[in-house]
Amino acid sequence: MGAGDFAVIGTGEVPTGNYPERSEFEIAYEVSRMAIRDAGIDKNEIGAVLTAGHIMSNPDNDYNTEMFFGRLPEAIGANGCSVVATTISGGASSFSIRKTAEGILESGETDTVLVVHAQRFSQFTANEQARYFAVAGSDVEWEVPYGMTYNSLAAIVTTGYMAYTGATIEQVAAVCVACRKWAMLQPNAMFNNKEITVEKVVNARMVSYPLTTLMCNVLGDGGSAYIMTTAENARKVCDRPVYVLGEASEYSHRTITRSVQKDPGKMGDDLAVTAKRAYENSSLGPEDMNIFEIYGSYPVISLIVMDSLGIPDERPSGELVLAGETGPGGKYPVSTNGEAMSFGHTGTGVGFSTFVESVRQLQGRAGAAQVEGAKFLVENCGGGAFMDCHFTVMGNEVPG
Amino acid sequence: MAGEKIDIETIKAMLNLSDEDLVKPLPIPTRWSQPFWDASKEHRLVLKKCSACGYIDHPPYLYCTNCHADEHEWVEASGKATLASYAINTFGVPFPFWVDLPYVVAMIDLPEGPRMISNIVECDHDKLENGMELEVVFDDVTDEITLPKWRPVDKTKRG
């Protein structure tokens with residue numbers, strides 16, 4: 001497929017936060033209707049409904065089962081629907097489900113696909129969440145018995161990154177500060193009413209040295225949806241389509257000890273190869289990017305991904321962040337919705353909110369967080385114990 | 001370090017946890033990893049080496065991840081390692097591990113090639129340093145399971 005063959009024409013999103021009364025079903029129905037209205041299409045034009053598998057299902061009324069057995073097309077009255085599918089690859093789900101959507105569009109079965117994510121963590125007790133997340137990111141036989149956690153995984157990578165690159169804990173903390181500044185401009189963000197400072201982040205309660213509570217993401221309930229179509233159809237039905245211009249992916253490992261790149265300071269070097277392919281597939285380069293929509297989930301990952309993106313500046317990623325260059329008004333806007341750190345971590349949904357925010361920015365509809373004149377951006381996601389990475393270059397025009 | 005320590009009994013009462021919720025998870029050996037745990041029980045550290053290409057897999061898998069051969073042998077490891085990187089857990093860990101706070105989880109490099117996640121024990125947390133030399137110790141956590149763990153070789157870095 002060539003650059004710019006597929007486009008997004010509408011999005012929907014509910015606020016992220018603690019909403020125990022709001023079921024996944026309600027989120028899914030609501031964001032679907034929002035995306036359909038936003039795209040300005042008739043619901044019966046939707047030929048495929050794709051849902052992201054969510055994590056931590058309620059066995060008594062399992063959302064995943066209902067979705068892959070076709071609840072959603074019935075609930076939204078999508079009478080033209082012929083394909084139903086669920087796709088999940090953890091934090092990389094937003095990418096793998098979009099590839100599924102592109103495959104369906106390419107097959108010619110339909111030219112309109114609805115893609116949905118919904119998650120409600122707050123229905124589970126603290127103990128249930130602790131049990132799930134004790135094993136989600138780690139190997140049950142070789143790591144969990146040692147008291148490994150997602151936070152310690154990120155802490156190990158942070159310690160390694162700092163030792164090998166010379167990045168400081170203040171630079172790591174500055175990522176969280178920039179995320180919060182963006183979230184303050186986002187009505188749907190979980191943490192959008194209280195500024196934080198580097199000093200406050202560094203001095204917060206230590207969770208897993210060197211990470212404090214404010215360097216660890218917080219789980220939230222949320223969801224979003226979008227409508228994807230062919231570029232040809234998009235130009236007919238939408239005055240502001242957003243095109244997928246180039247993509248590239250890499251898988252490394254399940255267990256962090258088996259990571260292809262052994263040096264935590266050089267993980268960005270490996271990702272850079274993949275980012276370069278995404279740029280090449282789009283015939284654009286880092287100097288053309290107006291925004292860098294990074295899915296970090298932890299501040300160190302944001303720095304590592306920044307290292308890989310070829311941001312046209314001599315200064316190291318940590319210095320750029322500490323200088324405020326990645327926050328609102330900076331030269332290189334990064335993660336403009338505040339990302340998992342401040343938008344909230346919705347399980348398989350972080351990549352969806354990053355993608356939906358990317359679309360909003362390129363449609364010029366990102367409200368207070370709007371980066372003026374945004375034309376091209378690069379977006380990324382990844383899953384598991386940093387198992388993979390996917391880059392997508394997007395734009396509101398197809399470069400000639 | 002910032003933050004007061006919260007007693008596990010307080011959490012237990014607050015969240016209505018059962019005794020079962022405080023039982024530490026143990027490895028459930030697979031058919032192809034059983035020899036590792038059998039050796040560990042005898043306080044020996046062994047690694048799965050492919051007889052065809054010599055590649056050492058850890059975690060071990062059903063067949064060699066390098067050449068897909070079945071034939072393999074279990075070789076004795078030196079019991080030495082270096083610290084690649086670490087974290088010191090101080091809060092927010094799964095409840096069974098709360099009593100151990102603060103504890104070190106680390107990524108360690110074996111001279112034989114593999115990398116492992118384990119605990120660094122008997123160490124002064126202030127003297128942890130990437131690259132430091134480690135030696136294996138065995139923690140008999142139950143009658144059936146022994147976890148290999150690591151401590152600094154340099155006695156002045158032990159806690």
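Analyst: The account below starts with the sheet, moves to the helices, and ends with the partner chain.

This is a predicted model, in which local features need pLDDT of at least 70 and side-chain atom pairs count only at pLDDT 80 or more, while totals for chains, interfaces and linings use all residues. Residues are numbered from 1 along each chain as its sequence is written, and chains are lettered from A and ligands numbered from 1 in the order in which they are written.

In chain A, nine strands form an open sheet with mixed pairing, in the order β3-β2-β4-β7-β1-β8-β11-β10-β9. Helices (H or I, at least four residues) and strands (E, at least two) are DSSP runs numbered from the N terminus, and two strands pair if DSSP finds at least two bridges between them. Strands of a sheet pair through backbone hydrogen bonds, either parallel or antiparallel. At the edges of the chain A sheet are β3 (83-87) and β9 (291-293), each pairing on one side only. From one strand to the next, the twist averages 25°; axes are lines fitted to C-alpha atoms, for helices over the stretch in contact, and angles run from 0 to 180 degrees between N-to-C directions.

Within this sheet, β1 (residues 6-17) of chain A runs antiparallel to β7 (residues 221-230) of chain A, and nine bridges join them. T11(A) has Y226(A) in β7(A) as its bridge partner.

Two helices of chain A lie across strands of the sheet. Helix α1 (residues 24-39) of chain A lies across β1, β2 (48-52), β4 (112-119) and β7 of chain A, at about 140° to β1(A). Helix α10 (residues 267-282) of chain A lies across β8 (242-251), β10 (376-381) and β11 (388-395) of chain A, at about 150° to β8(A).

Another helix pair of chain A is α4 (residues 93-107) and α14 (residues 350-363), whose axes come within 7 Å and cross at roughly 65°. α4(A) and α14(A) are therefore roughly perpendicular to each other, a label for angles of 65 to 115 degrees, where under 35 is roughly parallel, over 145 roughly antiparallel and the rest oblique. S93(A), S94(A) and F95(A) in α4(A) meet G351(A), F352(A) and F355(A) in α14(A); residues are in contact if their C-beta atoms, placed from the backbone, lie within 7 Å. The residues of this contact divide into three nonpolar, three polar and no charged, where Ala, Val, Leu, Ile, Met, Phe, Trp, Tyr, Cys and Pro count as nonpolar, Asp, Glu, Lys and Arg as charged, and the others, Gly among them, as polar.

The partner chain comes next. The contact between the chains takes 34 residues from chain A and 37 from chain B. On the chain B side, β4 (80-89), β5 (103-109) and β6 (115-120) each supply at least two residues, and β4(B) gives the most, with six. That side of chain B comprises 24 nonpolar, nine polar and four charged residues. Strand β5 (residues 206-209) of chain A pairs with β4(B) in the antiparallel sense over two bridges, with I88(B) as the bridge partner of Y209(A).

Chain B has two helices and eight strands. Of its 159 residues, 33% are buried, meaning that 20 or more other C-beta atoms, placed from the backbone, lie within 10 Å of the residue's own, with 12 or fewer counting as exposed and values in between as partly exposed. None of the eight residues of helix α1 (residues 8-15) of chain B is buried, so α1(B) lies largely in the open. Just after α1(B), N16(B) takes a positive phi of about 55°.
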